[in-house]
Amino acid sequence: MATVADLIVVSNRGPLSFQLGDEGRAQLAGSGGGLATTLQPLVAGRDATWIASSMSEADHLAASDGLMNVDGMTVVTVRLDADTYRMAYDVVSNATLWYCHHHLFDLPRRPRFDVHFVDAWDAYVSMNESFADEIARLASQGATVLVQDYHFALLGKLLEASRPDLRTVHFTHTPFGDPSALRVLPANCASELLEGMAGFGACGFHAPRWKAAFDACYHEDDLTALAGSGVAPYSFVAPLGPDPVALENEAAESTGIDPALERVVGERMLILRVDRIELSKNIIRGLFAFEELLDEKPEWRDRVVMVALAYPSRESLADYLAYRSEVEHTVERINDRFGTDSWTPIVFNVADDRSRSVAAYMEYDVLLVNPVRDGLNLVAKEGPFLNRNDGSLVLSREAGAFDELKSGAFGINPFDVTETAAALHGALGLDRDERAERARTLKKLVVARTASDWMEDQLRIAGSLER
Ligand code: F6P
């Protein structure tokens, strides 16, 4: 059993993920990816306990054998039965709260909250209760508990009841749905969510807009009527930054762009995008914008290649599979339309391969980051940090990172294909001096905050909470 901890970090995904191998043994499948990868070096060396979900049977076996423990950290996993976890993670966290916070609902058709959703919400409550029990069991008196993301909105109230001595901070890595978005949820879910979060000592966000949307929910009588006192918790803004040392190491180890890709791009300019295959990332409008660029500014034909490096994501959700296939068809159609024997306009490459992305970051001419809505978007910071080619950034005004990077980026409305095409044209056409000047500005903005600044902010705020 893990010993009692003064610092506990909670996230759904743990630092490592496992799969079942020969003879039913757990084998390492890779790093947790996304947030978990960012958290790992920040948590290491602090004598912390990290509590995460057993996302699969293999994760559970690995955790029981101590294989989850990395960098001297104790990793404890919470195991729910498979159906409860699927409902809490897929149905509530990914297909409901994620959509709510990113404004992804297709309102004429979905969501449809029916009796099955009632069961799914019960599963979400049960997941939060299981984590609350585990935290209560492992936390020392007055311990700091840093909770990550929408999977655990209810933990604040649960811990306030069971362990009022704890210093609890919740950090939301997504945007936060404003009052009108929360009104789409069943009334009891919206109020339980707000009440749950009000129990944390503090709630953090990557951008002022998401904090404002969160605070606003506590000023709406209909939302708070059912939510206990309706008093907003203390909230704060602390954007995540890149980890300069880790990125420099990755750059030093990079063996460059894959030769096959290098051959396709050749001497042409490179527009890069790097995303999970995720509805909020707006990959399809990005492709349409590239098509409009080739239509309206034919001088770019055969002079530029768009490389879309995509990471598979949430493939248990039908929407995500359908989205991937729509992306693939759009790429195929545009390539059929414009491609020649010697020029492939778009390369769409799906793999869970970080070193491939690092090599491409170093060389792009233009990085396109156009999410419909995004909590921060670390690609928009890591790309300019790693780039060695005075590349430009075309960035959605709906990404949390826009707030910090706007003076160095080409800002776009992500729904406006024509504006995106014009920004690509502007960025590709910059002269050498302008490119260099913009790249310098961007890099200065990017390094203004690092990943450890973000961590220290949470620890400082936790330390200042009265208990
Ligand atoms: O940024 C929000 C987030 O949920 C992160 O916690 C995570 O790294 C990423 O999205 C990917 O989500 P998932 O862990 O569900 O694949």
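This is a predicted model: local features need pLDDT of at least 70, side-chain atom pairs count only at pLDDT 80 or more; totals for chains, interfaces and linings use all residues.

Reader: Good to know. How many salt bridges are there?

Author: The count comes to 32 salt bridges.

Reader: Let's pick one. Which residue does arginine 110 pair with in a salt bridge?

Author: Arginine 110 pairs with aspartate 319, with 3.3 Å from N to O. The two sit in distant parts of the chain, 209 residues apart. Arginine 110 is in the loop between helix H3 (82–102) and helix H4 (115–138), and aspartate 319 is in helix H13 (residues 318–338).

Reader: Are those two buried or partly exposed?

Author: Arginine 110 is partly exposed, because its relative accessibility is 37%. Aspartate 319 also counts as partly exposed, because its value is 21%, and buried would need under 20%.

Reader: Okay, another one. What does lysine 281 form a salt bridge with?

Author: Lysine 281 forms one with aspartate 374, and their closest N and O atoms are 2.9 Å apart. This pair also links distant parts of the chain, 93 residues apart. Lysine 281 is in the loop between strand S10 (269–276) and helix H12 (283–296), while aspartate 374 is in the loop between strand S13 (366–369) and helix H15 (379–386).

Reader: And here, buried or exposed?

Author: Lysine 281 is buried, with a relative accessible area of 11%. Aspartate 374 is buried too, at 7%.

Reader: You mentioned H15. Which residue forms a salt bridge with glutamate 382?

Author: That is arginine 354, with a distance of 2.9 Å from N to O. Glutamate 382 lies in helix H15 and arginine 354 in helix H14 (residues 354–363), 28 residues apart. Glutamate 382 is buried at 11% relative accessible area, whereas arginine 354 is partly exposed at 30%.

Reader: At what angle do H14 and H15 pack?

Author: The angle is about 60 degrees, with the axes 7 Å apart. That makes H14 oblique to H15, and the crossing is right-handed.

Reader: Which residues meet there?

Author: From H14, Arg354, Val358, Tyr361 and Met362 meet Val379, Glu382, Gly383 and Leu386 of H15. These residues divide into five nonpolar, one polar and two charged.

Reader: Before we leave salt bridges, which residues are linked in a network?

Author: Glu291, Asp295, Arg333 and Arg337 are linked in a network of salt bridges.

Reader: Nice. Back to H3 and H4: at what angle do they cross?

Author: Their axes cross at roughly 105 degrees and come within 8 Å. H3 and H4 are therefore roughly perpendicular to each other.

Reader: Which residues are in that contact?

Author: On the H3 side they are Thr84, Tyr85, Met87, Ala88, Val91, Val92, Ser93, Thr96 and Leu97. On the H4 side they are Phe117, Asp119, Ala120, Trp121, Ala123, Tyr124, Ser126 and Met127. The residues of this contact divide into twelve nonpolar, four polar and one charged.

Reader: New topic! Which residues of helix H8 are buried?

Author: Helix H8 (residues 208–217) has Trp210, Ala213, Phe214, Asp215 and Cys217 as its buried residues.

Reader: And what covers them?

Author: The cover over the buried residues of H8 includes helix H6 (179–182), helix H7 (187–198) and helix H9 (221–224). Strand S8 (202–205) and strand S9 (234–237) are also included in that cover.

Reader: Now some single residues. Where is threonine 450?

Author: Threonine 450 is in the loop between helix H18 (432–447) and helix H19 (451–464). Threonine 450 counts as buried, because its relative accessible area is 17%. Setting aside neighbours within four places in sequence, threonine 450 is in contact with Gly241, Pro242 and Pro244.

Reader: Last one: where does alanine 421 lie?

Author: Alanine 421 lies in helix H17 (residues 417–428), and alanine 421 is buried at 7% relative accessible area.

Reader: What is alanine 421 in contact with?

Author: Leaving out neighbours within four places in sequence, alanine 421 is in contact with Ala289, Glu292 and Leu293. As for valine 394, which is 27 residues away along the chain, its C-alpha atom is separated from that of alanine 421 by 10.0 Å.

Note on methods. Residues are numbered from 1 along each chain as its sequence is written. Side-chain values use heavy atoms; hydrogens and water are left out. A salt bridge is a side-chain nitrogen of Lys or Arg within 4 Å of a carboxyl oxygen of Asp or Glu. Helices (H or I, at least four residues) and strands (E, at least two) are DSSP runs, numbered from the N terminus. Buried means under 20% relative accessible area, exposed over 50%, partly exposed in between (1.4 Å probe, protein chains only). Axes are lines fitted to C-alpha atoms, for helices over the stretch in contact, and angles run from 0 to 180 degrees between N-to-C directions. Angles under 35 degrees count as roughly parallel, over 145 as roughly antiparallel, 65 to 115 as roughly perpendicular and the rest as oblique. A crossing is left-handed if the near helix is turned anticlockwise from the far one by less than a right angle, and right-handed if clockwise. Contact means heavy atoms within 4.5 Å. Ala, Val, Leu, Ile, Met, Phe, Trp, Tyr, Cys and Pro count as nonpolar, Asp, Glu, Lys and Arg as charged, and the others, Gly among them, as polar.
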